[in-house]
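Subject: Structure handover

Hello,

Here is the structure I said I would pass on. My notes on what was found in it follow below.

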Amino acid sequence: MDKPQVISHIEKSMNFTLYDVKWIPCSAKFVVMGAHPQGTGALQVYEMNKGDVSLVHESQKSKAIKCGSFGASQLHQRCLATGDFEGKLNVWNLENTEVPVYSVQAHKEIINSIDGVAGLGIGEGAPEIVTGSRDGAVKVWDTRLKGKPVVEIAPAEGEARRDCWAVTFGHAYNHQDRCVAAGYDNGDLKLFDLRSMSLRWETNIKNGICGLEFDRKDINMNKLVVTTLESKFHVYDMRTQHSKKGFTSLEEKAHSSTVWSVRHLPQNRDIFMTTGGNGSICLWKYSYPASRVEKQEGEEEEVGVVGSVTQLQNTALTTQPISAFDWCVDKPGLAACTAFDQTLRILIVTKLNKV
Amino acid sequence: MQQDQQKSRSINLDTSACTTEGLTVQERSEQASKDKDKGNEAFASGDYQEALLYYSRSISYSPLAASYNNRALAHIKLENYETSIEDCNTVLQMEAGNIKALMRRGLSYKALRRFDMAENDLEQVLSAEPHNKRAQALLNELYKASGKLGIRHSKPGGTERKGRRMVIEDVGKGEVSRPDTDCSRATAQGREEETSSKPANQDTNMPSHSSHVLGKGASADKLTRDDENSMRKATEQNNKGGHVQIDATSDSKETVDETSSPHSGSSSARMSENSSNEVPASTMAPTPTRLSDNEEMQPPASVDKMEASIKHMETNLDKQSQRLDDVLESLQSKGHNVEKLAEGLKFLRESVEKGIVDSETTLQSIKDGEHELQAASERLQNEENTVKHNQGEQTTTASDITKSDVTEKQSERKTTEPDECTDVVAKPTMAVQEVSLPPEPPAPLPDKVVKLKDQGNAFFKAGQYADALERYTAAITVLHKAKGNHAGNLSVLYSNRAACYFKTGDCRASIEDCDRALEETPHSLKPLLRKAAAFETMEKYGFAYVNNRHVLSIDCNNLTAQEGATRCAKMLQELQGPGWRVQLPKIPSVPAGLSLLDRTTTPASVQQSVPEPTPAQRFEEVKVKGNAFVQKRNYAAAIECYTECTTLLPDKALGFTNRALCLLKLNKNEQAEQDCTVALVLEPDNVKALFRRAQARHTLQLYKLAMQDLLHLLKLEPSNKAAKTQIETVKELYKQELEKKRQQQKTTPPVVKKRVHIEEVNGNNSEHHITDHTKSRKDEGKNSKDKKSLSKDSKLRPSIKKATPYEFLSAWNGLKKTEGTEPYAWLLSQVKPRELPKVISNKLDGEMLNMIVACTDEHFIDKDKTELAYQYLLNLCQVQRFGMVSMFFTDPERNRLRRIFDKLRERSSGKFTTQEIGILQVKFGV
């Protein structure tokens, strides 16, 4: 019984489809985003209250909301950036959700994924938002710049446009460096360096990429976890890039169905949770190898060595896919997740400090 | 790119310095702790440079002692000892007496070879935490290292230590201890060179190194030069300076350290033992003069004792030579370079004999040597000053320390206690105990040994390993008197003592005992297994693996060995990569016919040597049988065995406590309680009996009494975790009981005053107030179940409305410990029949199916809920995997189903037809 246990602390069933959940930084509240049956967007703020959650604030938007992030917001503002089904990027002040603080028609089609950096004291440099959409483009936004993206990464005119399913920031450990990783439905994984404005590395993992995340955004990039459609995820050691072999990785089976997303524990970068299409969540721990680099014989360049992952816990919460998962930054082990059974769950993961 | 990173990192640092402006105190401390965490993570992944960076950033936000402390450690890893000391100083300014900071500063001082300062720090640590093994080990290393430079310490016995050594045992296990991490940490290479020339002997070298310690570090090494063994000298020079020997000696020295401290009274006797033991150390220079040479190196103070000791030496000689024979044999059996060794050892024995015969001459030469030594030490003193400033010396030690750091690093990464790896302490070894023990009783009887052994076993079982250790040691000494025909018994005793050592965490001693046990009866399983376990604990996976394989070659079905071997193989593969097998020591071959046979012969030989089985032995036998039954969970049979035990030796608590365990397992709590009470009358402080009685009373709902037992237990064993958790639950239950009682008293008139704990459940079941004792007891049991399910239900009710599979299954599994179908039925009744397939989803198994059928039988049909029962059964067919699971109905289960269907037919009230029942029956396959 020394391993961490996942306890379903609160379950609340909703009357709309849940797509994303995010804890509001420095509070016991969280935002739930989703789509009402009639196709409108739901944005609800809940508060944990004596073993139950109570609705604090609710608003209905014209478009269904797919994803949201606090990553680029200042701590005292705590503005939520959302992407909706029509490709619109909105930034909301949760105190007053009548009109967005910032709004832009970011993409032609649904925004599948959104991430922010340099807010909340995580990451150096200017706060930026990145969005990935079905129209195949990845765009980086600065809310100080109205109407157009800071960076747009899209296939050239005439080339096939792949559906971008996942984007994430990383490597933001000083004012200059920053990377965006993007995953596509055809298994393409691309790493864009925003400092040199170039494609730093790309690979194809032969399976649609559903979710990806760096273990930390605000350090010299260390690890990247990539989850895929067919019950596998990959962990890349991002410290050592070989000019030919790129980054080394390991592959692990999980959930025996789609691995929807991955979220690293904010308090320990080597522990992460993956969420499965079969309604289960798995807790993993990454262990480093004895040496993280090695030189093969007759070669000058170093190649990275990947460690190993061990499963700490596997818990079935429901039978429906778990669409989103978010760790609470302030309370280690507290987490919220949404599933397609229209139920929101507050989870407690025990013994994370003893892993 | 590396450079690029470095550059950007420095940029990073600058920015952090300016971003601190304009932040509130709270924000700063938050940032500081965030960065400290990042530093810790980087440290854990082995990136010390980055860790350093984040710690520095954390400090620039808000200077926390922990950050400084961690940064000090990172500095140590990067070998910036000066800065590390600065950081430690800052920590100590903030928090005087911070143990970690003191340790780290001590380590840094040691690395900088400022031994006095290091010693000061480490002693402070030890005064605060006397059992800090790491500090002890470091301090010992320190003495050695400083001794090497000739710094005299005022530490009592500091110089005396140098002369003592334990050798003889080491010859036997020489090859075992070769890849010892502690030694190899300093010098894998150098030592291998030595070992390649004389494989089994290098441990015997160590003592002679220690005698050379004075000269070693200096490049101009006078003592080695004038010495006898040019061979070793050559290897030393290969080793480029003497740091190799520092650690090599460290082991033997610590052995000495430990052994000499507790029995300073008998030191002269031991001295003789040691000096005679020493002789084999001179394998390379087996001349009669070697002995004198060797003693010449000993500090002058010990020479006086030497005279007396030489007499003693003579008496010991026979024993020693016999020992040497044994050693020789064992070495031969191990098949290592046998001829060479045999030659060497024969030579040795001659030299010993000669040495004793010429003891007069020796004495003379010792006296001569004494003068020489003084002269030498004077010369050394001069040299020492130059050595201190010797750059080369510093670098060698520095590298020495890095190596040690590497091992530390590894151990830390494995998240084991670093103490385990660096703990070089070797506890008293056999030879010393032989000497240091009080004079043996004149006529040792087997009975006495048996008694001692039984006592030892009892202590061991009770977890009092130190006491058990004492008993076994006594038994061994007694048995040694009648040596020759007791090989098997000795082996068992050694093996048992090894287990004790292992339990007390002294793996090294455990291994030594195992070796001895194996000497007596080679290829016996238990010592091999224990040796493997000890090696594994010491993280010497190679040897652990070899030992496990050895066991498997004897008994290929041994589960422990199998598991151990797999574990070790995994670890080895992780540590050494795919080529790990190449580096393995040789797996000893087992003679044909020994495999499996040996298992039976070993215990048999034990019994042979003790002729007619005394009740004690019979007791032991039956007990072992009982234990086996318990392991197979055949509790009824085990109870029989233990009952026999109690009749054989009614004054032994063990039988009773064990029987109590079985009774507990069979849920016969009252009998278990009685047994425990008997056991406690025999042994008032029997921990197990206390715990089991508490368990029994817990289930009997005698919470108060259970709590008393547990409190008693915790007084005896304050760290007993199981008891602690148990007491928590009991407390909770007791509170509930009290509360209910109070409520009850408010609501019910005080007419019913007896049997209060019956009333705790509900006000309405007044039929429970029956005076009949047994009946009410039964009801009590039921009540407890009721209550359990009730408490569960109260929790479940809201969620069961949704009836999610997760909730249902966790509730269902939660009932596994309860007996009877009632709680299950209760749970089931909260699920609507048509929700059953959804709720069970694909988790249906045979047990669950049977339980549900039983529930419908006992609780629905029999209680006039026929319709509900039918609905449940109907929906049960819809559950996933039903078809598969129902194929495995046993005959009684089928019969029960037939009965159910018959009943259903009888009582069908129009809601369903007999035809429908027929269809259902077909679905169930009956």
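The contact between the two chains draws 30 residues from chain A and 25 residues from chain B. Please keep in mind that this is a predicted model. Together the two chains bury about 2,400 Å² between them, and carbon and sulfur atoms give 42% of that area. On the chain B side, 24% of the area buried against chain A comes from E41(B), S45(B) and Y806(B), more than from any other three residues.

E41(B) also takes part in a salt bridge: its partner is R216(A), with the closest N and O atoms 2.6 Å apart. The rule finds five salt bridges across the interface of chain B and chain A. It also finds six residue pairs in polar contact there, counting pairs with both residues at pLDDT 80 or more.

As for which elements of chain B are involved, at least two residues each come from α1 (2–19), α2 (25–44), α3 (48–61) and α40 (805–814) on the side that touches chain A. The most comes from α2(B), with seven residues. By residue class, that side of chain B holds 11 charged, seven polar and seven nonpolar residues.

Six bridges join β2(A) to β3 (residues 29–35) of chain A in the antiparallel sense. Within this pairing, G34(A) in β3(A) is the residue opposite L18(A).

The other is likewise an open sheet of four strands in chain A, in the order β18-β19-β20-β21, and its pairing is antiparallel. Here β18 (209–214) and β21 (249–253) of chain A stand at the edges with a single partner strand each, so each has one side without a neighbour in the sheet. Strands β19 (residues 223–228) and β20 (residues 232–237) of chain A run antiparallel and are joined by five bridges. T227(A) has F233(A) in β20(A) opposite.

Regards

Notes
Residues are numbered from 1 along each chain as its sequence is written. Chains are lettered from A and ligands numbered from 1 in the order in which they are written. This is a predicted model: local features need pLDDT of at least 70, side-chain atom pairs count only at pLDDT 80 or more; totals for chains, interfaces and linings use all residues. Side-chain values use heavy atoms; hydrogens and water are left out. Contact means heavy atoms within 4.5 Å. Buried area is the accessible area (1.4 Å probe) that two parts lose on being put together, summed over both. A salt bridge is a side-chain nitrogen of Lys or Arg within 4 Å of a carboxyl oxygen of Asp or Glu. A polar contact is a pair of N or O atoms within 3.5 Å; within protein, one must be able to donate a hydrogen and the other to accept it, and residues adjacent in sequence count only if both atoms are side-chain atoms. Ala, Val, Leu, Ile, Met, Phe, Trp, Tyr, Cys and Pro count as nonpolar, Asp, Glu, Lys and Arg as charged, and the others, Gly among them, as polar. Two strands pair if DSSP finds at least two bridges between them.
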